[in-house]
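Some notes on the model follow, in numbered points.

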Amino acid sequence: MNPDIHRLLDEAFQGIEMTPDAQDLKEEMRANLMARADELAAAGATPDEAARQAIAELGDVRALLDETPDAAPQRGADDYASLVLRHHVRPKPGFVVRAVVWSIAAVVGITLGILGAAGVLPLSLGPQIALFGLASTGIALLVGDSLSQETTTNHPLPQNRAAGYFLATLLGAYGLGFGGLVALGTMPVWGVVFAALGVIASIVLFSFLGATQTNRHKAWTREALRNEPPNRFEREPETAARFGVYTAAIWLVTFAVIAVLVFTVGWWWAPVAFVAGFALMMLVLARMLFTSDKPAGR
Amino acid sequence: MTQDDAFAADLLRGHTDTIVLGVLRRGDAYGFEIYKAIRDATGGQHEIKEATLYATYRRLEKDGLVESYWGDESQGGRRKYYRITDAGRAVFRGNVAAWTATRRIIDALLDVKESQQ
């Protein structure tokens, strides 16, 4: 380790205001300089020379901090709508056709599958499974294909990741299909194993994809989002926290009501309580997020 | 630096963003690794200045084409690693396609023969 680096780096940053950004850059440079100095020392330079040369190669730190990243002046004239218009990307005709085909496959598969399972159509179990397979494939292709398209705001997903989302959707949708067949009674109870396997594998895969997902917004979208005025929850974190507490209370009460309903009037009333709870949460959200800031003492 | 070197350095510098994305496509790397990868690829004849690279990292990160995270080195300075994002991969593919097309045009305009040394 080369102690001269630290002294020389401090000198290079002398007179620069130590914003978090500048501090960040300095720490990044420190590790790189040490690696470079080690390389120079291995090539035969004395530690002193190595440190000095590594720093000299750096050039002017000040110029680097001046030009970035907030130097670009805010162009207030560009509102979001005009930006969207300028960067508009038209969907490819081929994709539109394919999307229609995938959707038809999904709708036909689900409709005929349910009719078969409900006994309206004279279909045995095999064709029913095949129909739900068709539907799941249609839904999954729709997801995968859409993700690999360039849109106005997003870059296309790389092929292998889009394929991952395809597979996760396929497993999840097929699993739900098996669950539906068991629920409708056309498939014996052992079908639940397939349903559970599909859904669990899908959840695992989705979690993995979600956790490893990196940015795919276009630069202009990010810029536009940055210039968005902060909403009330960002300006007043305590309001956001209050909303969180209210939400928890609402759902706690909702589930209590659901339990009461199930044990008194019957389970089919449970969704009503659920819907009421959800509506209440949305109303509270609207009240708290979009309230105009009133001066104190209203 | 000769006239040829200056021309090559200029060309190289003009594509710094794409070159850095290309290096990161092979895997996450910190500043010095990226610098070295570029220098080694040119056979040590050229290098892109570190100052240029730092400016590039900041621009790429602002545009969401790379993400950064700090390594957990126990000794010495902590390294700031960069990772390419899906947006970065898409931009890289687009730039490579543009480069291939442009190279063909310039080759035609400069009358470069494939076999010519």
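1. Chain B of this predicted model has a mean pLDDT of 87, with 93% of its residues at 70 or more. For the model, ipTM is 0.77 and pTM is 0.74.

2. The contact between the chains involves 26 residues of chain B and 30 residues of chain A. On the chain B side, at least two residues each come from helix 3 (31–41), helix 4 (50–62), strand 3 (80–84) and helix 5 (86–109). Helix 4 of chain B gives the most, with seven residues. By residue class, the side of chain B that touches chain A consists of 13 charged, eight nonpolar and five polar residues.

3. Helix 4 of chain B deserves a separate look. Its 13 residues reach 18 Å from the first C-alpha to the last, close to the 18 Å expected at 1.5 Å a residue. Just after helix 4 of chain B, B:G64 takes a positive phi of about 80°.

4. Which residues in helix 4 of chain B are buried? They are B:E50, B:L53, B:Y54, B:T56, B:Y57, B:R58 and B:L60. The list includes the charged residues B:E50 and B:R58. As background to reading such a list, an α-helix has 3.6 residues a turn, so residues three or four places apart point the same way.

5. In chain A, the domain assignment gives domain 1 (3–67), domain 2 (89–223) and domain 3 (231–289). The C-alpha centres of domain 1 and domain 2 of chain A lie 52 Å apart.

Notes: Residues numbered from 1 in each chain as written. Chains lettered and ligands numbered in written order. Predicted model: local features only at pLDDT ≥ 70, side-chain atom pairs only at ≥ 80, totals over all residues. pLDDT = per-residue confidence, 0-100. Contact = placed C-beta atoms within 7 Å. Helix = DSSP H or I, 4+ residues; strand = E, 2+ residues; numbered from the N terminus. Domains from an automatic or database assignment. Expected span 1.5 Å × (residues − 1). Buried ≥ 20, exposed ≤ 12 C-beta atoms within 10 Å, placed from the backbone.
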